[in-house]
Amino acid sequence: MGSTGSIGTQTLDVVREQPERFAVYAITAHRSVDKLVEQAVEFRPEVVCIADESKYGELCEKLNAALGKDADMMKVWAGSDAIAEMVTLPSIDIVVAAMVGYAGLRPTMEAIRAGKTIALANKETLVVAGEIICSLAQQYHAPILPVDSEHSAIFQSLVGEDRSEIEKILLTASGGPFRTWTLDRIAKATAADALRHPNWDMGAKITIDSASMMNKGFEVIEAKWLFGVDVEKIEVLVHPQSIVHSAVQFTDGAVKAQLGAPDMRLPIQYALTFPERVGASFPRLDLFKTANLTFEKPDLERFPNLRLAYDAMHKGGNMPCVLNAANEVVNLAFRQGKMGFLEMSDVIQKTMDATAFISAPAYEDYVASDEEARKIAASMI
Ligand code: MN
């Protein structure tokens, strides 16, 4: 899901390297028709699906033009209902959830109900509805394997360990492009400034979240649900070199970490091959060339989103869902030049204050809260 995005294309890089191990059964995109057609021609999936139904005609035409009569063998679907159905097809073993934002929630729930292994890149799914997702995963015996680099590092550090012996999770953050900027300078930051991430090449939405540290706030929540650890036991460390991808401290004081070059293909491959480790030609880490590994405490004054994420988690219920909805609205508005960088946090805070609190939400409550919060946030821009 989300095969034309940053994680999607890198997942297909991994598949291309391991043709004897993986076959692509289905691919989906939001609206990138040309890229989706290109992928369909190379990987020959049985199902191709586009979320934006208005793109269906164009997709069919371009597939026919590119594949000739081979296109008849491919099922071409459109719409979010089709994606939710597609992920349950019996031929599928692993679903890579790599779409952006709230849109990933429903199809991921369907894939879990169908008992699929989930390689989860779409962290918003756990931010919005972590409690439901985790209980469904348990009920339907659907393993959720992290693709996010930090969570993959934590997951790798936990292999062979008893989770009850976790004392602390050390979640690293690059600090983004504004790590050394003053508050005044951050206030005037443009989307172009924020899109210049120092270490990672990612999609636009997550790169803005990374600059505002909302991404790290989301990752705290993601780690809580994935590893069953209270947020108090999750500490964020700003580590500008992005070499230590995260670590776990155990009750005897031992700390285990996973290190590597910043390359998403490694965590993607690990999620796809787990519990096996498989040879790959990814760039190697050269510790002789990484003279300094430094760690700083995050600055909550310049990056208030991190505090908002902890607040949302402490409050619980639908608040993380509201946090996510407001963030999706302001993230887009900032990219469109409609608001300043620091105003994003103000709007998120005010949206959290203004949206009705639900302490034990069901799925329908999340849908309603998401909608309400988006309206409230949009009214302030
Ligand atoms: Mn990450």
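1. Glutamate 219 has 1% relative accessibility and counts as buried, where buried means under 20% relative accessible area with a 1.4 Å probe and protein chains only as cover. Glutamate 150 is likewise buried, at 8% relative accessible area. The model is predicted: local features need pLDDT of at least 70 and side-chain atom pairs pLDDT 80 or more, whereas totals for chains, interfaces and linings use all residues. Residues are numbered from 1 along each chain as its sequence is written, and side-chain values use heavy atoms, without hydrogens and water.

2. Because glutamate 150 lies in helix H7 (residues 149-157) and glutamate 219 in helix H11 (residues 214-227), the pair ties together parts 69 residues apart in sequence. Helices are DSSP runs of H or I with at least four residues, strands runs of E with at least two, numbered from the N terminus.

3. Helix H7 is mostly covered, with nine of its nine residues buried; among them are His151, Ile154 and Phe155. These buried residues pack against strands E6 (144-146), E7 (166-173), E9 (244-250) and E10 (255-259), and against H11 and H12, contact meaning heavy atoms within 4.5 Å.

4. Leucine 287 lies in the loop between helix H12 (265-273) and helix H13 (305-315).

Definitions and conventions:
Buried means under 20% relative accessible area, exposed over 50%, partly exposed in between (1.4 Å probe, protein chains only).
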